[in-house]
Amino acid sequence: MITFDLRRPDRTIEPALRHKVDNLTKPKGSLGKLEHLAIQIGLIQQTLTPRLSNPCNILFAADHGIISEGVSVSPKEVTWQQLGHFAKGGAGINFLCRQHGFRLVLVDAGVDYDIPAGHGIIDRKVGRSTRNFLHGPAMTHDELDLCLRHGAEIVDMVADEGCNVVSFGEMGSGNTSASSMWMHAFAGTPLPQCVGAGAGLDRSGIDHKLNVLTRAWKNYSGDGSVSDLMAWFGGYEMAMAVGGMLRAAERGMVIIVDGFIMTSCMLAASRLYPEVTEYAVYGHQGDESGHRLALEALGAMPLLHLDLRLGEGSGAVCAYPILQSAVRMINEMDSFADVNVTKYFD
Ligand SMILES: Cc1cc2ncn([C@H]3O[C@H](COP(=O)(O)O)[C@@H](O)[C@H]3O)c2cc1C
Ligand SMILES: O=C(O)c1cccnc1
């Protein structure tokens, strides 16, 4: 399987970053989480003057075999139809990307439809939907490897074009089921607490989903390794996001993590390479019931609480202005040493 060369950011520069932030013209600590963010971004970029450039939301779409068990209100066809909406510009993620200056990169990771060429959707189709993980592995290890490679290559593409801050989004009916399984496997959270409404199940729908997923977990007969669990329960779009996150960390980029599904992907990525979390900023804590616990398992500090439950990268892109404020703070505020505050009105 593809390997990544991840290192934690060198902490030598941390005292200088902290000194700079502490000496800006404000009470120490008074800009709260903006200060933490500025230091984290400075560490990632190894500079006292961090910059955010060419933000990009990479959205992977794919179908899931588990959908045939009735675990989602969203029919399978919605996956490719939404991909078409993204390409036309009228979906939730589109207005947010326009508002915040994000490039939106669309990738067909494995939808069950022949997406015509000429609509700006990158073809990295690994299969036409994963298989139903109630009865066996969703994908082969070769497919998992391919997904990780494709995700990494797409990040290379945007990084080579000047992007140093990236979020990942997804579209895939049924993918909250796959994400619940990853969360259970990688955070150890009891399954009932990992399972929620997804795109809008009611109470009895959630009970059915939990029943299906409990049976699927009992049927698991793999070797228990991280990669095997990823392949057994995962989605092509989720595995590509993991590959993207790992390459982004390898290249020293800031990763903005979106909702429940992308948080499950970060959990999986962190079980492969724990260093990846040092590059992660968590955009929000959403309304999907497992999201809070998934964030807790990562020790994450989510920036926004907007009750979002959309995915697509929406919560990550929404949080971008907060990162911009952190970077402006460290670059644009005077320090007490720069100015003589008593002399302003001379
Ligand atoms: C119109 C529509 C747009 C979406 N955009 C994201 N999702 C979200 O809902 C899906 C996951 O929920 P579940 O596991 O319950 O199917 C994913 O596609 C996710 O991206 C959507 C869902 C729908 C219906
Ligand atoms: O938080 C998410 O990513 C999410 C939650 C519900 C449905 N789709 C996505």
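User: Where does serine 129 lie?

Analyst: Its place is given by reference to DSSP runs, with helices (H or I, at least four residues) and strands (E, at least two) numbered from the N terminus. Serine 129 is in the loop between E3 and H5.

User: What kind of model is this?

Analyst: Residues are numbered from 1 along each chain as its sequence is written, while chains are lettered from A and ligands numbered from 1 in the order in which they are written. Local features need pLDDT of at least 70, side-chain atom pairs count only at pLDDT 80 or more, and totals for chains, interfaces and linings use all residues, this being a predicted model.

User: Is serine 129 buried or exposed?

Analyst: A residue is buried if 20 or more other C-beta atoms, placed from the backbone, lie within 10 Å of its own, exposed if 12 or fewer, and partly exposed in between. Serine 129 has 26 other C-beta atoms within 10 Å, and therefore counts as buried.

User: What is phi of serine 129?

Analyst: Most residues other than glycine have a negative phi. Serine 129 is a residue other than glycine with a positive value, near 80°.

User: In what order do the strands of the open sheet stand?

Analyst: Two strands pair if DSSP finds at least two bridges between them. The open sheet has six strands with parallel pairing, in the order E3-E2-E1-E4-E5-E6.

User: Which are the edge strands of this sheet?

Analyst: Neighbouring strands of the sheet are turned by 30° against each other on average, direction ignored; axes are lines fitted to C-alpha atoms, for helices over the stretch in contact, and angles run from 0 to 180 degrees between N-to-C directions. Pairing on one side only marks the edge strands, E3 (121-123) and E6 (280-282).

User: How many bridges join E1 to E4?

Analyst: On the E2 side, E1 runs parallel to strand E2 (residues 103-110) and is joined to it by seven bridges; there, cysteine 56 stands opposite arginine 103. Towards E4, isoleucine 58 has phenylalanine 168 as its bridge partner, and asparagine 57 has serine 167. The pairing of E1 with E4 is parallel, and its bridges number six.

User: Why is E1 largely enclosed by the rest of the structure?

Analyst: Cys56, Ile58, Phe60 and Ala62 point one way from E1, whereas Asn57, Leu59 and Ala61 point the other way. Strand E1 (residues 56-62) is largely enclosed because seven of its seven residues are buried.

User: How many residues of E4 are buried?

Analyst: One side of E4 carries Val165, Ser167, Gly169 and Met171 and the other Val166, Phe168 and Glu170, both faces being covered. E4 is mostly covered, with a buried count of seven of its seven residues.

User: Which residue of E5 is the bridge partner of valine 166?

Analyst: Strand E4 (residues 165-171) pairs with strand E5 (residues 254-257) in the parallel sense over three bridges. The partner of valine 166 in E5 is isoleucine 255.

User: Which element supplies the largest share of the shell around ligand 1?

Analyst: A residue is near a molecule if its C-beta atom, placed from the backbone, lies within 6 Å of it. Around ligand 1 there are 17 residues, and Ser72, Thr176, Gly198, Ala199 and Gly311 come nearest. Helix H3 (77-88), E4 and helix H6 (175-187) each supply at least two residues of this shell. The largest share, three residues, comes from H6.

User: Which residues are closest to ligand 2?

Analyst: The surroundings of ligand 2 comprise 13 residues, of which the closest are Gly259, Phe260, Glu288, Arg309 and Gly311.
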